[in-house]
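Please read this briefing alongside the sequence and the coordinates, which are shown next. The points after the lead sentences are grouped by topic.

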Amino acid sequence: MSAYAGAGAGGGHGRAVVVGAGLAGLTAARALANFMDHVTVIERDWVPSGPGRRPGVPQARHTHTLVPAAHQGLERLFPGIGQDLAGAGAVPLTVPRDLLVLGPAGWLPRFDAGLSLLSAGRDLIDAAVRARLRTDPKVTFLPGHEVVGLRGGRHDTVTGVWVRARDRAAADGKGIRRLLPAEFVVDASGRGSHAPRWLAELGYPAPPQTLAAAPAAFATAAFAPPVGHVADWKSLLVTAAPGLPRQGVLHPVEGGRWSVTLTLPGAARPPAGHPALLHAARTLRHPLLHDLLTAATPLGPVYGCTRTGARWHRYEKLRRWPDQFLVVGDALADLDAAHGHGMALAVQCALALDQVLTGHGTAVGISHRLRHALARQVAPAWRQAHPAPRPAGGLRARYAARIAAAATTDPHAAALLLHPLHPAPPPALAALRPRVLRAALRTPPGPAPFAPPSTTHGPDTPRRRTPAPPMAPAVRPAGAVPARPADPPPPTPAPAPAGERRRP
Ligand SMILES: Cc1cc2nc3c(=O)[nH]c(=O)nc-3n(C[C@H](O)[C@H](O)[C@H](O)COP(=O)(O)OP(=O)(O)OC[C@H]3O[C@@H](n4cnc5c(N)ncnc54)[C@H](O)[C@@H]3O)c2cc1C
């Protein structure tokens, strides 16, 4: 890992161009700045100086958290950025101590599993990274310009990009196409990347793709917590389970607000408007989120989006490829959004870029090495987000159900269940570690407790007027009492949202 003191390592190698100022583009620019004389980040939108919303990143309206791989990777690229984010209102979460999790078989115990999330609005995350990048004299932004193609050179090289200003004066809203020469080009233009077309225009074959069908609708809204809300938890996750596939998440974000997202797998349309959102929240496996939202104050519209699937462009499989060209982030692999690892992948692409350039420089042929290094980053994230289906009733499925049941009382089993959040996910054999195995085998079947292991006071305190809906089928042991390995922290009042109206 090269030093990121901002001094730049060694001599430069001309200009690099990065297409897109999303998280993948910003972090790639940081990595490139150590090896190039100059890095130009071209963005078709405007590039706000603070946490402004941009049409090019519509997903920014939805709840975003930085998993450990993402915030630890950002910290390596921009030392101290965690403090910048926390200072701007991002909320650190110790998991599952601060996060109430309804796992597949019941609520998980509250303890410190050594996992941390950083919860913040996506606009804030991007703004903090942009602010750091702006202090680097080697990096400049070219906003309001769209990259429309690559310029190919001799012997399989890319020698620049064609850009067009988004020009209000022009009849078609687009200015004249002009060339920006570059010695290195990185496409970080997100899931709508045109890299396959740009490559085809230069005579390269189309890359194979790995696809996963994951149709889902997402609905997100911001809320002010109810007046008087006091809880010993900060976040809430109600996961899906067989037969009850909807998921709900509530995370605190800057300004004392809650960001709430419901994920409806298979749905063609997200709930539109607050009554529909509340109605959908009632269909989750547990009514807690619905109760909270009923007492909270909406702070804006409900935003929706739909996704039909995930796609990984297998550029590493192409035999012919233009050197000094690379594709990163969502433009390379657009993972299932419900999994929430896209930003981690963006950051890991930048770290891999840094590592390969540190070891080998920008020598001819480097893109071959880089494409394979990036594919090695994508592969585990893809497997986690899109696991091979297990036959129901099979041995592995039954053992997974035992672990899920054990996770409601045993911290080792719970930590294993939370492993998708971990920076280095444990190998499959981790499920056979003696402590997990013992917990899974010891756990006799029985109903899981309905109440979460938490205390909540205030107007959103769960009030059951109607009989509670059934929990998802669980193989949880009869008579087992949920363990509390560590006492949850004392209740803390929710901070008042800055300048926001609250329901009286
Ligand atoms: C509902 C939802 C929830 C999510 N939650 C999480 C989460 O909790 N955690 C997480 O890690 N990930 C989450 N993600 C995924 C995350 O949003 C993406 O993985 C991430 O934004 C990818 O960053 P990127 O820089 O590759 O692409 P983007 O953020 O999409 O940025 C691409 C940029 O390129 C610009 N651009 C595009 N074309 C051009 C062009 N031709 N010329 C110039 N500029 C161009 C765009 O304007 C944009 O600024 C979520 C996604 C969704 C949909």
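Phe 325 touches Leu 150, Val 158, Val 185, Asp 187, Ala 195, Leu 199 and Ser 367, with residues up to four places away in sequence left out of the list, where contact means heavy atoms within 4.5 Å. The model is predicted, and local features need pLDDT of at least 70, side-chain atom pairs count only at pLDDT 80 or more, while totals for chains, interfaces and linings use all residues. Residues are numbered from 1 along each chain as its sequence is written, and side-chain values use heavy atoms, leaving out hydrogens and water.

**Nonpolar cores**
- Phe 325 is also among the residues with the most contacts inside the largest nonpolar core, which has 111 residues, and the others named there are Leu 32, Val 39, Leu 85, Val 161 and Phe 184; such a core is a set of buried Ala, Val, Leu, Ile, Met, Phe, Trp, Tyr and Cys residues joined through side-chain atoms within 4.5 Å.
- Helix H8 gives the most to this core, with 12 residues.
- At least three residues of this core come from each of domain 1 (15-64 + 123-208 + 314-385) and domain 2 (95-118 + 212-307 + 452-471), the bounds being taken from an automatic or database domain assignment.
- A second, separate core has 25 residues, including Leu 236, Leu 277, Leu 288 and Leu 293.

**Helix H8**
- H8 covers residues 342-360, and its 19 residues reach 27 Å from the first C-alpha to the last, close to the 27 Å expected at 1.5 Å a residue, a span computed as 1.5 Å times one less than the number of residues; helices (H or I, at least four residues) and strands (E, at least two) are DSSP runs, numbered from the N terminus.
- Because 14 of its 19 residues are buried, H8 is largely enclosed by the rest of the structure; buried means under 20% relative accessible area, exposed over 50% and partly exposed in between (1.4 Å probe, protein chains only).

**Ligand surroundings**
- Of the 34 residues around the ligand, Glu 43, His 64, Arg 122, Asp 330 and Met 343 come nearest, a residue being near if one of its heavy atoms lies within 4 Å.
- A polar side-chain atom of Glu 43 lies 2.6 Å from an oxygen atom of the ligand, and a side-chain N or O atom of Asp 330 is 2.8 Å from a ligand oxygen atom.

**Backbone features**
- His 155, in the loop between strand S9 (145-153) and strand S10 (157-165), has a positive phi of about 55 degrees although it is not a glycine, and His 155 counts as exposed at 70% relative accessibility.
- The peptide bond from Val 95 to Pro 96 is cis, with omega near 0 degrees.

Technical notes:
A polar contact is a pair of N or O atoms within 3.5 Å; within protein, one must be able to donate a hydrogen and the other to accept it, and residues adjacent in sequence count only if both atoms are side-chain atoms.
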